[in-house]
Amino acid sequence: MSSAEENVYQGHGRASSITIVPPDHQHQLRAKRSRTKMSPSNSNGELRAHFQANGHGHGHDKRLQRTQSELVSGRRAGTKWERSHIHFAPLSVPLQRRLQTLMVLAHTLSIALFLGTFFFLCTIPLFWPLLLPYTIYVLLSPAPHSGKLFHRSTFLRSLPIWSLFSSYFPARLHRSAALEPTRKYIFGYHPHGIISHGAFAAFATEALGFGQLFPGITNTLLTLDSNFRIPFYRDWALAMGLASVSRESCENILSKGGPNNEGMGRAITIVVGGARESLDAQPHTLRLVLKRRKGFVKLAIRTGADLVPVLAFGENDLYDQVTSDSHPLIHKWQLLVKKWVGFTVPLFHARGVFNYDVGLMPYRKPMNIVTGRPIKVVQQQQSEGGKVDDAYVDEVHALYVAELERIWEEWRERFDVDPKMELKIAE
């Protein structure tokens, strides 16, 4: 063994070799180690070559292989949430969109909110002296079908909150022709959809500019007479200008008011398809229950009101619902409910308040409501049997259907309707 270069240290029962580097070589070794540690381009291959040069390469490769073969990873957290079918709304949603959602939610739940408030007050004996006469008034009041529109509030119909409601979808009203304020009109709204959001936005509020498009015309949206027997809600509906869809209500509205108190300048909006059509409200379809619906035509002939077809592009796209083909028993039950109580219950769903996939809130799909050209109607006096001329009814009905088809064909491309979608006139 050369002097001062190598010593053998005996410890713990084994011999270890210790190499003593001369001082002039220590500086070079530290510089080399510093370059190796600082260099970003150093690769595993260079390290392996370094170890092999010093006789340690074979053992290092074995350790790498053993480490890689023993590395077993568990599942990555959060993968189920990434694959979830429910997509939640982000916290950074603008305030305007939140207010739009709030208004649509309030309108959708309005009946439940008003009815719940009434029952809550009924639990407080202090309010009983007020609620009892009010309930009797609700049951006996002729306001929903008197045609006088005393409860109508232009201020309430023009509130900015309805602009938030309409811009949720968004909805927009278009006219094909101007209407003379010296005539009376019946607007026939199609399709019914699930809740007829488009009809409410266009004809129960001023959010879409009905008064701007049809100046001098006072329009009344009609709904089921049973809605006016719901406490508190009936007062809200009357203030919004709604009225009963009963025959008495329609004739009173179209025969009263106006310059000569004969109904000139008055208009009513009827959702012609009714509850039956709501069961056919499927996205990307337009099936109208209209072939045998001629009562509104007879009403127009009796009162001398012109007919104005209205087609709402996008109304059926706001909700998904159970189809009659996939669930025939449910469809039969819905028809039975309609026959017994006069309305039905579509089993629908869309999005929620805080998510985009599950809930009873409508989808944010655009609605374009187009009013057609008025169909002039000649007023006829009823015969002794109380009927108008059936041949004339069929003639006017055919003109009405033809105008609806014209609106469909003329504007479907502008409003990006599915090319495979067709207008079907049923029943």
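User: What makes R247, C250, E251 and L254 in α14 count as meeting residues of α16?

Analyst: In this predicted model, they meet L299, R302 and T303 in α16; contact means heavy atoms within 4.5 Å. Local features need pLDDT of at least 70, side-chain atom pairs count only at pLDDT 80 or more, and totals for chains, interfaces and linings use all residues. Residues are numbered from 1 along each chain as its sequence is written, and side-chain values use heavy atoms, leaving out hydrogens and water.

User: What is the angle between α14 and α16?

Analyst: Helix α14 (residues 247–255) and helix α16 (residues 295–303) pack at about 35°, with axes 10 Å apart. Axes are lines fitted to C-alpha atoms, for helices over the stretch in contact, and angles run from 0 to 180 degrees between N-to-C directions.

User: Why is S196 called buried?

Analyst: Buried means under 20% relative accessible area (1.4 Å probe, protein chains only). S196 is at 8%, so it counts as buried. S196 touches V271 and E315, not counting residues up to four places away in sequence.

User: How much of the protein chain is buried?

Analyst: Of its 427 residues, 40% count as buried.

Note on methods:
Helices (H or I, at least four residues) and strands (E, at least two) are DSSP runs, numbered from the N terminus. Buried means under 20% relative accessible area, exposed over 50%, partly exposed in between (1.4 Å probe, protein chains only).
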